[in-house]
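Me: I am new to this structure. Can we go through it in short steps?

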Amino acid sequence: MRGSHVRRGTNLPRMGDFNQSVILDAIRRSSEGLSRVELVELIGLSPQAVSNITRRLLAEELIVEAGKAGSGPGKPRTILRINPSGRFAIGVHLDPAVMTVLLMDLMGVVLQRRVRETPVETEPARIIEIIADEVRALIEESSVDPARIEGIGVAPPGPIDQPAGAVVDPPLLRGWSRVPLRDALAEATDMPVFVEKDVTAAAVAEIWAGGHESTRSFVFVYIGTGIGSGIVVDGEVLRGTSGNAGEIGHIVTDSNGPECSCGMRGCIAVTCDPQSLVREAEALGVLNGERHRNGDVADGLLRLCAIAEEGNELANEILDRAAVRTARAVSVVTNLLDVDRVVFGGPFWEPLAKRYLEVMPSSLPSYRAARSIHPLELVSTRISDDVAAVGAACLLLEQTLGPRAERLMLAQ
Ligand SMILES: [Zn+2]
């Protein structure tokens, strides 16, 4: 171990970064903007420090002066606001079916997006080239100054090797065996690239752009082709050693359920994922081949939910069973982490939302350890289907705006 003086020495400039991001964060969170005096009161830095930092932020065009406020005695105060076009970020969601590329401003507003099918049976290297082409086209269409783009956040399905920036054999992306996505995309675009598992990116989106009243601890349950979760505890995203925290697919909720590839029975991966619901509906005769296109899961699920909505009892039983199982899995996670909100989203959530949100709250309490201490809120995300791409772009905002403890701890 190196001497502690090395660590202290490198911490000094880091401390400045930290104060700067605390100020940026406070301004960003205030819908009306804040004056320097209010910043001093709110953050507890000296007026001199606030003045120095805000001068620097104005020079970097990260904030702007937006009029005066205040009446009564004393000078009116100059209000400081985030400059939305001070920086931009690009978010990419690499879904096995669809790739979404979007451009976001510093306030988290999506300015431009491009969506296209992810080509199947295509080499990862070629797909990375296509992502780079999409990014270039997006920048061109948007006509923002490329120098103001902080970089690219890219969200593939897990598992990933986050320290290596690699995608490691996701079940539905064929041929992606330890593909160095981060470095390859950085080379193809000449921009910094961050890789985050899609479900974790969704949780990041919820922190930055969710619009729900702030809670510091929540779980994002992502219902896509598979079911995963992103975890936020005390305001920090929980990533784990390799960026794969939040794998909930093998929580067993029905020990008599179907066999899972993991060797157990009744995991939510084989009882609650859209594929299983469609298969169950086919087995019970609720769906047949003609009622949904070529066994297409998305179409099948939409049909199943529509039939349930029309009052078909078998269809409703299938959804209710899955909702109760999902509630059990959710309670395992919420008991473990003591969060007070579960946010649901992902491409297959929308058709399930109504029924699930009716069924789950009543089946949850008996499983909950902290039920007498605080409520548990179940909500739908307010972010669109782009939630993973939005979250990937938010990673860059986090780099610019987030007052993260790591900035103090990492002496590099
Ligand atoms: Zn399993």
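This is a predicted model: local features need pLDDT of at least 70, side-chain atom pairs count only at pLDDT 80 or more; totals for chains, interfaces and linings use all residues.

Me: In what order do the strands of the open sheet with β11 and β12 run?
Reply: This open sheet has 5 strands, and its pairing is mixed. Its edge strands are β13 (236-238) and β15 (377-380), each pairing on one side only. Neighbouring strands are turned by 25° against each other on average, direction ignored. The order is β13-β12-β11-β14-β15.

Me: At about what angle to β15 does helix α11 run?
Reply: Helix α11 spans residues 349-363. It lies across β11, β14 (341-345) and β15. Its angle to β15 is about 165°.

Me: What is the bridge partner of V92 in β7?
Reply: Strand β4 takes in residues 88-94, and strand β7 residues 149-155. They pair in the parallel sense over 5 bridges. The partner of V92 in β7 is V154.

Me: How far apart are the centres of domain 2 and domain 3?
Reply: The domain assignment gives domain 2 as 87-203 + 388-409 and domain 3 as 215-381. It also gives domain 1, at 4-82. Between the centres of domain 2 and domain 3, taken over C-alpha atoms, the separation is 26 Å.

Me: How many residues does the contact take from domain 3?
Reply: Both domains contribute to this contact. Domain 2 gives 20 residues. From domain 3 the number is 19.

Me: What is the geometry of the site of the zinc ion?
Reply: The protein donors are H250 (ND1), C260 (SG), C262 (SG) and C267 (SG), at 2.0 to 2.3 Å from the zinc ion. Along the chain they follow the spacing H-x9-C-x1-C-x4-C. The angles among the 4 donor atoms are 104 to 122°.

Me: Is C262 buried or partly exposed?
Reply: Buried means under 20% relative accessible area, and exposed means over 50%. C260 has 7%, so it is buried. C262 has 36%, so it counts as partly exposed.

Me: Is D161 buried or exposed?
Reply: D161 lies in strand β8, residues 160-161. Beyond its neighbours within four places in sequence, it is in contact with A166, V168, R178 and S242. Its relative accessible area is 18%, so D161 is buried.

Me: How far apart in space are V286 and R303, C-alpha to C-alpha?
Reply: V286 lies in the loop between α8 (274-283) and α9 (297-309). Its relative accessibility is 3%, so V286 counts as buried. V286 and R303 are 17 residues apart in sequence. In space, C-alpha to C-alpha, they are apart by 9.4 Å.

Conventions. Residues are numbered from 1 along each chain as its sequence is written. Side-chain values use heavy atoms; hydrogens and water are left out. Helices (H or I, at least four residues) and strands (E, at least two) are DSSP runs, numbered from the N terminus. Buried means under 20% relative accessible area, exposed over 50%, partly exposed in between (1.4 Å probe, protein chains only). Contact means heavy atoms within 4.5 Å. Donors are N, O and S atoms within 2.8 Å of the metal (3.2 Å for Na, K and Ca); water is not among the atoms, so sites may look incomplete. Four donors count as tetrahedral if all angles lie between 85 and 135 degrees; four count as square planar and six as octahedral if opposite donors are over 155 degrees apart and all others between 65 and 115; anything else is irregular. Two strands pair if DSSP finds at least two bridges between them. Axes are lines fitted to C-alpha atoms, for helices over the stretch in contact, and angles run from 0 to 180 degrees between N-to-C directions. Domain bounds come from an automatic or database domain assignment.
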